[in-house]
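Dear colleague,

Please find the structure below, handed over for your reference. My notes on it follow directly after.

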Amino acid sequence: MEILNNINYKKFSSISDFLAFISIYDDNNRTEAWKKLMLRYSDYFKNGIVVELGAGFGLFSEFALEFGAKKVYAVERNKYLFNVLKERLSKYKEIKVINENALKFIPKEHIDVVIHDFYGNLLYDESLYVLDNLKFKPSIVIPNAGKLKLGFLNLEDIQDKVINHSVLRQLKNLLIADLFIIENKPKIAMDIAGWSFSEGLKIDKIIDISNFEGEILLFYLEVFHNNDFVCDAFECQNWSLVFAYRFSNRFFLKFKWSGDFCKVYFSFIWI
């Protein structure tokens, strides 16, 4: 979905976020993966006080009630999403809908569970920063971990008739979402970043790939809770696969919070 008429940037950004949630809820695999995870930890929800951060349409808030939550805060900063959220959840007296930035939200009581999906295509390029800087301490955050994987492919294996080496050489130092259609995980991959609620983001300043062959770099997300796999960008297509054309054996990848989301900085390095 794309907005075609000219509107001011602030409204464009808010409506764009609003439309993004529609595609998120089209990802049934992601929804089912989160519901199964919540069921696995349902003891935390039973008679508990729950916060859904970045609530969107409030689906996880409804699941929390289904698993026995006593009270739920559905927190959403986007005013357009908030309008839909308030209407959708108005029938539940146990859910309090709040239009506020999650970084500023301070509940009056102890929170048993935070449920969220703040993962980005590149792990930390959405809102995991928010979880690392909460104003309160919940008993548990679900899910609480993730990895950014890097796989290696050759262009000849992808068999794209349009995107060739000449095209790819124009994309120097760019990370491109959904550049190719890939159905299976690459056979060769490495972990390049990890995040957990307890330790935050861990990533090397310079990433060395000299031990791996492949001219196409494929970045993809994996979500975990503790050591239990939840979903990845191949099973849950809410997250895009991200590609880069290889220009050297070393690159840097870093994230900087901008006030709304984390900006991504990426470049190959020559020595």
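The notes below cover a sheet, a helix and the aromatic rings.

This is a predicted model, in which local features need pLDDT of at least 70 and side-chain atom pairs count only at pLDDT 80 or more, while totals for chains, interfaces and linings use all residues. Residues are numbered from 1 along each chain as its sequence is written, and side-chain values use heavy atoms, with hydrogens and water left out.

Helices (H or I, at least four residues) and strands (E, at least two) are DSSP runs, numbered from the N terminus; two strands pair if DSSP finds at least two bridges between them. Three strands make up an open, antiparallel sheet in the order β10-β14-β15. Strands β10 (207–208) and β15 (262–268) stand at the edges with a single partner strand each, so one side of each has no neighbour in the sheet. Strand β14 (residues 250–257) is joined to β15 by seven bridges, and to β10 by two. Four residues separate the strands in the hairpin of β14 and β15, where Gly-259 takes a positive phi near 110 degrees.

In helix α2 (residues 28–40), the buried residues (under 20% relative accessible area; exposed is over 50%, partly exposed in between, with a 1.4 Å probe and protein chains only) are Arg-30, Thr-31, Ala-33, Trp-34, Leu-37 and Met-38. They fall within an arc of 165 degrees seen down the axis, so they line one face of α2; the arc is taken from the directions from the helix axis to the C-beta atoms. The face turned away from that side carries the exposed residues Asn-28, Lys-36 and Leu-39.

Rings of Phe, Tyr and Trp (its six-membered ring) pair if their centres lie within 6.5 Å, and planes under 30 degrees apart count as stacked, over 60 as edge-to-face and the rest as tilted. There are 23 aromatic pairs by this rule. Phe-60 and Phe-63 form a tilted pair, at 6.2 Å and 35 degrees, and both are buried.

Yours sincerely

Note on methods
The expected span of a helix is 1.5 Å times one less than its number of residues.
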